[in-house]
Structure formats: structure tokens, C-alpha cells
Amino acid sequence: MTLAELQTKFQAGILENDRSVLASIADSRKTDRATLFTVYYDAYRMRLAEFLSNDFPILRTSLGDEAFGRLVEDYILSAPSRQRNARWYGARLPYFMHETAPWRANRGAIDLARFERALSDAFDAADAPLSSIDALADICAEDWPRIAFEFDPSLMLLDLAGGTAQIYAALAAEEEPPAIQQGEGAFLFWRKDGHSFYRALSEDERLALMEARQGKKFSDICTLLAYQGGDENVTQRVAGFLSQWFADGLVTRLSIRE
Amino acid sequence: MAASEVGGGMRGEGRHRRLIGLEDGRVVASARLTTGQLSKEQTMDKPSPLGFGLGLRPVYYEDILERNPNVDWFEVLSENYMVPGGRPLAMLERIRADYPIVMHGVSMSIASTAPLDVEYLKALKELADRFQPEWISDHLCWTGVHGVNLHDLLPIPYTSEALNHIVERIRRVQDFLGRRIAIENVSSYVTFTESEMDEWTFIREMAVRADCWLLLDVNNVFVSSFNHSFDRASYIDAVPVDRVVQFHLAGHSEAETHKIDTHDQPICEEVWLLYEKACRRFGSISTMIERDGNFPPFDEPLAELERARSIARAASHAIDEVTA
């Protein structure tokens, strides 16, 4: 048997419990080949389960060990890892839950998985030097309408089932979680000083941030918000958001658009 | 003169190794050591020993930064830092400013019959360019075929076909990275009926033909010797002295009929004994302790490191007495 054939059989033994590879394996003096091969078979499942447990600790707490174990088993069986780095093995888990029975019926669990995934992604997203709020002071008043913004690569917006963040916070504090609520809420995830953060966004801040991320200038954002809400103080409100974005460490660059 | 004493006498001076090397206690002509793909700049000079190190693990970041522990160097798991940014890379920057590092990978899959993962090698080179490790290592294993990663260090049959295949791949990787790499022996739980030679013969041939370094994992020798009932002393004695740049020490788990390399237990007495033997044979070699689970307070790996220091020191004195 060639090395390539042996490796194909060995892999099939691990993934599909195809035992034909045992013909190439010797018994040891202490035990039989099937017992020895099982070390690899079991290690594969245990290792992947460990990756998922590490990446989704609150989802595990929420579901309980038994249900989380079933989810892990379903996920492992659905497809082998094609990631060279274990860090991304669990990346598909929220999508998998969204598309697979019985998990797809559990919106709360899916959104907890998305929540934890977002915190992980923010944690090691690319670095970028932040812009200081002092940069605003350098911009003269007539240029303000034309300011455009660039944001930290870790920034992410998610619409989550109502109460997801409260459930996450309660479970993380080992407290009784509240029930999932009707409707959705927008959440912002980002990293600052090496730590992942999240906070809820009001509907108008969400809109302003989405527009700003697309490169829209300050005056366009104000116009859109005024159109949406008809508020007289829209400029002040957007300026308030902007100030918060600087305080949160979200803004990496200001520019004046023509 | 025993091989271990010759190994001990090799410490410190690299000058002679350009002309004469030692392999398995025998003097080997320089032509053999300098053939292959070595450029004029690359000689058989082993990197200088780094002393006694630990595996850099996030759980110990704060201890390392706050306590300035008596650790000479750190080994980092390359894949843990193959991320876009954030705290892992920031912490590595801080620790690298104060300590030498070595990069240790688990995904090169050097023994796989799947094509070499060029994207992985690019990322590895990029990381090495940034953090300037003393050397880069990975395992004598494969991790998957047909695009799959089984996230394990899978065993190989010790055949001429596998040897030719792996030697060629190590050479290609070394060409790509522009440096020798160190290849580590793994713990294994099965042996293949196809095997044509001992593991140690395979490793010796591989190191010489590929012109690579070796990372000798003492715990892996012990675990595999138990699982496959071979003589661990013979293994140690067969590994070429001039190729080994690093030792690994670690703990393992016990099953009834076999042992498993889990890195989640203290180093056992038999492994300490084998380490002592290795120190006598190989002389002053960069030594580090791996811990990957069931993490104890930082004082425990530090205490184990002190024990490694003391064993290496005693072995060195014993060598000096014999050679005096």
C-alpha cells in the first residue's frame, strides 16, 4: 500500500469509522490494534469538542452539557474541519445551527452563538491605530458637513433576538438568565485595549453608524436621520454619536470629502 | 568513549563542526554534513543553546509580565499567533522584547501526501519575519489529506517511500523559509505493518538527508517506547548528536494498556531519568516544558524547570569529570 493510500484509509477510519486501515496496523504487546486506533478516533472528536467548548462557553452553559454535546456531535458529523488553524473551526457553528434541525428552531441559542462568535472575532481582528477626538478640533466649522469616517477593523454590528445580551451577561455572571424577548435589538461589538466589548445601539445610532461605515459624510448622515425621524436636533444627536464613537475607540481616521 | 561524553564535549564551540561533525558518536566527514542545499552562509553550526524555557500559554501571560520569572526563553505555538491582530500578537510583542522565542507549529503536515500548504508557509514566514524566532519547528507527522485537517499529529509508517517523501518536503520547506527547521518526534499509539525500519533509524536518516535539525521530545520517546515496547535508551543513543537543537519535556496520561501524550500532567519520574540520559548524550541543549491543559499555578512549571536545570547541570558535571 502506498503512503497516500494508507493516509486515505487512516483518515476514513477516523472520520467514518471505516476499519479497513486496521489491516495495516499491528497489535501491540499489551493490546489489540482496534483499541490503539481508537485513541485517534476518540481524540479527533474530543479535540473538536474542546475547540467548540472553548469558543462557545456561554452557549454551552445555556444549553446544558447534554444538549451542547448533541450540538457538537451534529456539527462534527456535518463536515470535517478544513481549517488549518483550530481558531476558525467553530466559525460556521451559528450558520450550522441556523440551517439545521432541531437547532434552527432555537433562535435564542443561535443568537447566543452569534454573540460569542462576534466577541471572538473582535478579540483578534486586525489592528489599526485609533484617531484621537482632538482630530475633530483641527477641522474648521465649514468642513464639518464633509467629514467622513473610517473605523476599527474589529467593529461589527449584529441584530440579535431581544434579551440576548442580558442572557449572555447573566450566564457569564453565573446568574439565572432572563427569558428571551420578542423582537430584535442592534448590538455593536469591538475591541479596545485588547478586550472585546459590546453595547446596545439605538435605532438611529445604528443607522448613523451603518451610513458612516459606508463612507457617508456627516451632512448625509444628518439628512438621512432627519428624514427617518424628523427630529429638529438631529445634528446634535449625530455629533453626540460621534463623540461616543471616539470615546469607545472606534474611529481610526477622519477625512474631508469633496 | 561513550557517545554521551562525546556529545558533552561538543558544547560551546561551533568552530570545529564546520569541518567535523559527530553522528551517533562517530566522526562524520564534513562533506556529508555540508552537501545538499546549504548555501555558503548556512553551515552546520547549531544555534547556541537558549537555556531553559516554557511554552508560552495565555493563562500565564500575567505571571510572566508581572513576575519576571527565571525563564530563559519561550516556545510559542505558531498557529496561536497566526491571527489578524489583537491581544495575542500584542502580548507576543511584549514578551519577545524581553525573551528569545522559538516558534513551534502543529499544521505543517510535513508527512502528508497532500500538497504542501503554501498559504500556511507564507503565514509562518511572515510571523517569523516579525518575531525573529531562534528557530522554527514542527512535527514528524501528518494532519490530514484531501483538504481535511484532523487537528492531530498522526503517525507514519517507517518506510523508504515515506522517508523519501518527507525528506523532499523538508527540503522544500527549508528552501521556502530560507532556514533549517527542527522536526520533532511525536508520541504514537499504533505501528504499521508496512514499516521497514525503527523510528530512530528513520529519524536519523531523515535528519541527515534533509539536513534539518531535530527537536527531541523526551516524553514522546517515553510514551512511544511504552506503547510499542521498544528500548528507549536505544532510541536516545541512535539520535545524531549534531542534529538536536531542542528538548521537549511534558507529562502524559495513563490508559491501561497505553500512555497518551496529553501535556496535562506533571513530568513523570521515568521521563526525568530519560532526560538525564539525554543530557549526558547531547550536552547542553535548549530545554523546554510543555503544558497544554489542567494548568497548575505558574510556580509548578517553574519548579519543574528548576529541576530540569539541576539535572542538566549534574549531567554536565558528570561529563566534565569523565572527559577531564
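**Chain contacts, helix packing and barrel in a predicted model**

User: How many residues of chain A are in contact with chain B, and with how many residues of chain B?

Analyst: The model is predicted. Counting contacts as C-beta atoms within 7 Å, chain B brings 40 residues to the contact, and the number from chain A is 42.

User: Which element gives the most to the side of chain A that touches chain B?

Analyst: The elements of chain A giving two or more residues to this side are α1 (3-16) and α2 (33-55). By class, the side has 20 nonpolar, 12 polar and 10 charged residues. With 10 residues, the element that gives the most is α2(A).

User: How are α6(A) and α8(A) placed to each other, roughly parallel or roughly perpendicular?

Analyst: Two packed helices are described by the angle between their axes and the distance between the axes. Here helix α6 (residues 107-123) and helix α8 (residues 164-172) of chain A have axes that come within 10 Å and cross at roughly 70°. Angles of 65 to 115 degrees count as roughly perpendicular. The two helices, α6(A) and α8(A), are therefore roughly perpendicular.

User: Which residues in α8(A) meet α6(A)?

Analyst: From α6(A) come A:G108, A:D111, A:L112 and A:F115. The residues of this contact divide into 4 nonpolar, 2 polar and 1 charged. On the α8(A) side, the residues are A:T164, A:I167 and A:Y168.

User: How far apart do the C-alpha centres of domain 1 and domain 2 of chain A lie?

Analyst: The domain assignment of chain A places domain 1 at 1-105 and domain 2 at 123-258. Between the C-alpha centres of these two domains, the distance is 39 Å.

User: In what order do the strands of chain B close into a barrel?

Analyst: Chain B has 11 helices and 12 strands. The barrel is made of 8 strands with parallel pairing, and the order is β3-β4-β5-β6-β7-β8-β9-β12. From one strand to the next, the twist averages 30°.

User: Which residue in β8(B) does B:A182 stand opposite?

Analyst: Strand β7 (residues 181-184) and strand β8 (residues 213-217) of chain B run parallel and are joined by 3 bridges. In β8(B), the residue opposite B:A182 is B:W213.

User: What percentage of the residues in chain B is buried?

Analyst: A residue is buried if 20 or more other C-beta atoms lie within 10 Å of its own. For the 324 residues in chain B, the buried share is 48%.

Key. Residues are numbered from 1 along each chain as its sequence is written. Chains are lettered from A and ligands numbered from 1 in the order in which they are written. This is a predicted model: local features need pLDDT of at least 70, side-chain atom pairs count only at pLDDT 80 or more; totals for chains, interfaces and linings use all residues. Axes are lines fitted to C-alpha atoms, for helices over the stretch in contact, and angles run from 0 to 180 degrees between N-to-C directions. Helices (H or I, at least four residues) and strands (E, at least two) are DSSP runs, numbered from the N terminus. Angles under 35 degrees count as roughly parallel, over 145 as roughly antiparallel, 65 to 115 as roughly perpendicular and the rest as oblique. Two residues are in contact if their C-beta atoms, placed from the backbone, lie within 7 Å. Ala, Val, Leu, Ile, Met, Phe, Trp, Tyr, Cys and Pro count as nonpolar, Asp, Glu, Lys and Arg as charged, and the others, Gly among them, as polar. A residue is buried if 20 or more other C-beta atoms lie within 10 Å of its own, exposed if 12 or fewer, and partly exposed in between; C-beta atoms are placed from the backbone. Domain bounds come from an automatic or database domain assignment. Two strands pair if DSSP finds at least two bridges between them.
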